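Here are a few notes to read alongside the model.

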Amino acid sequence: MAAATRGCRPWGSLLGLLGLVSAAAAAWDLASLRCNLGAFCECDFRPDLPGLECDLAQHLAGQHLAKALVVKALKAFVRDPAPTKPLVLSLHGWTGTGKSYVSSLLAHYLFQGGLRSPRVHHFSPVLHFPHPSHIERYKKDLKSWVQGNLTACGRSLFLFDEMDKMPPGLMEVLRPFLGSSWVVYGTNYRKAIFIFISNTGGEQINQVALEAWRSRRDREEILLQELEPVISRAVLDNPHHGFSNSGIMEERLLDAVVPFLPLQRHHVRHCVFNELAQLGLEPRDEVVQAVLDSTTFFPEDEQLFSSNGCKTVASRIAFFL
């Protein structure tokens, strides 16, 4: 994939984007040596909020709540020269609805190096915390990593993927970094951003969206107030979620719970058009229809929502070209 440029433009395939996320987890170069000013260091933090808004508007299908919440939270945080706490977002929803895509966009539009910036840190339970029996070592290593990197540069982004699979109790070590204290362990951390990604709450979000459709309500009429309580309850009731035994939700350390709604057929069609445009191809009706016909929708009676969102669109297009 060609090197990404900043500004609103056609975005690469989601699969390629997720590949960059994995690469970013191990990225580290000499740029880390050029910044040693601690709390006053901006490093390669170069926010482009208009570009982010434009990209979200053009390429994120069917997520009016996520777009509004993420942009509002980022604007307030970035424009505050002295925030009182880090920005902490928790993204929830069904698979393929755009959670990882949005987190990747944030890295791209906030840091000059994008996902390859040494200030962007990605954690996956499968890659970084695979053995629950090693939880105490993981806690020590995670605390040291976060503290060390925030000491090097307060403007850092920490992405925690698949929170459903994180060892319960691990996130407890992050709690001191997420609150409104001025200094933790000698480190000024108030300009950091923490993003947690989870499928938990997806079923509850889907049910609210389904009931709205059955009541002939536009999905844009669905309010955060309808979704936030059921998402929070789903997380708190799940003993296997990464927030379990952490105190993060109980102490209200999240600045926003961001719901991602299930995608309908016309949203998947939008994803197909975007992917074809990225490939430099004109939309062909037979290809678009073939992708839609090969996509599974649910519930069984209504056939309303895509089972995998837009997650498999790129691979399906490759198959039908």
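Which residue caps the N-terminal end of α2?

1. Asp48 does: one of its side-chain oxygens lies 3.0 Å from the backbone nitrogen of Gly51. Please bear in mind that this is a predicted model, where local features need pLDDT of at least 70, side-chain atom pairs count only at pLDDT 80 or more, and totals for chains, interfaces and linings use all residues. Residues are numbered from 1 along each chain as its sequence is written, and side-chain values use heavy atoms, leaving out hydrogens and water.

2. Helix α2 spans residues 49-59, and its buried residues are Leu49, Gly51, Leu52, Asp55, Leu56 and His59 (buried means under 20% relative accessible area, exposed over 50%, partly exposed in between, with a 1.4 Å probe and protein chains only). Viewed down the axis of α2, these fall within an arc of 155°, so they line one face of the helix (the arc is that of the directions from the helix axis to the C-beta atoms). Pro50 and Ala57, on the other side, are exposed.

3. The cover over the buried residues of α2 includes α3 (64-79), α4 (99-110) and α10.

4. Now to the sulfurs: the structure holds one disulfide (a pair of cysteine sulfur atoms within 2.5 Å). It joins Cys271 to Cys310, with 2.0 Å from S to S. The pair links distant parts of the chain, 39 residues apart: Cys271 is in helix α10 (residues 265-278), and Cys310 is in the loop between β7 (305-306) and α12 (313-320).

5. The torsion about the S-S bond of Cys271 and Cys310 is about 85°, so this disulfide is right-handed. Cys271 is buried at 14% relative accessible area, and Cys310 is buried too, at 10%.

Methods: Helix = DSSP H or I, 4+ residues; strand = E, 2+ residues; numbered from the N terminus. Contact = heavy atoms within 4.5 Å. Polar contact = N/O pair within 3.5 Å; in protein donor to acceptor, adjacent residues only side chain to side chain.
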